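Visitor: Could you walk me through this model and tell me what stands behind the terms?

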Amino acid sequence: MFQPFREYLEKQLFSRFDLRSRSIPSGLDYQVSDRGKNPATIQSWCYQCPELRKIRYTYIEAGETAQVFNSVIYPSHCYDLPLLGIDFLSFGQKKILVVLDFQPLFRDREYLEKYIEPMRSIRDKYNDLAQNLEMKFYDANQYFSKYLLFAKTDSKTVVNRLFPAYREYVELYWQLLERATPLTDPEDIQRIVKAQKDYDQYSADRDPASGLFSSYFGHEWAERFLYEFLFEDAVPLAVTSTKR
């Protein structure tokens, strides 16, 4: 269901940036499971370029049982841009959840005006995909913008509404990146380093997808995938509690 979204992102990335492969820890780039109703495969890709320090995306293919496309793009530490977050999940034709956002690293007014307000006109065009759903695992005021797309929807809407909205969001993100001025002050850069690390920790601690990964590929693999690939700057909770 979401393969056209993955293919679009991939074409955009390779046409716009000088990409280099970024290593994925052994055994985490591809995995097959026969635990569920349908066999499931999970495949991940990871790249970097001067402007973007980590570009990761993952696809889970389990036929009608599950289709998941997840991606986070991290700008290089000399840019204070939000992260581009994409999470599209389908568990059958009628159980589809989509999340798309520029995930802000900071909440001050100047920052939100610069990077979040430009999303407003796009979001207003696709209000049907902004359903103000309750977030069960996350604080909506942390690492999410007020113009995110967050909706329960159907396969027809995915094709007719989500795909054009997705293209517009991705295009706007490239425009913001092109206009961004690289930071040069070491303190400013360290502030971005910390903010991105904090994002990884926050996300790893709360990510509900770890249950899905465990159900298909086992707990040990899921933990490695979460902390060694998806959110590699996060420290597992067991490790942090031991340190205390």
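Predicted model: local features only at pLDDT ≥ 70, side-chain atom pairs only at ≥ 80, totals over all residues.

Visitor: Why is Ser90 called buried?

Guide: Buried means under 20% relative accessible area, exposed over 50% and partly exposed in between (1.4 Å probe, protein chains only). Ser90 has 3% relative accessibility, so it counts as buried.

Visitor: What does Ser90 touch?

Guide: Contact means heavy atoms within 4.5 Å. Leaving aside residues up to four places away in sequence, Ser90 touches Met1, Phe2, Thr65, Ala66, Gln67, Lys95 and Ile96. Ser90 itself sits in strand E6 (residues 83-90).

Visitor: What makes a helix or a strand here?

Guide: Helices (H or I, at least four residues) and strands (E, at least two) are DSSP runs, numbered from the N terminus. The protein chain has 8 helices and 8 strands.

Visitor: Why is the protein chain called as compact as a globular protein of that length?

Guide: The radius of gyration is taken over C-alpha atoms, and the globule rule is 2.2 Å times the number of residues to the power 0.38. The protein chain has a radius of 18 Å, close to the 18 Å the rule gives for 244 residues, so it is as compact as a globular protein of that length.

Key: Residues numbered from 1 in each chain as written. Heavy atoms only, no water.
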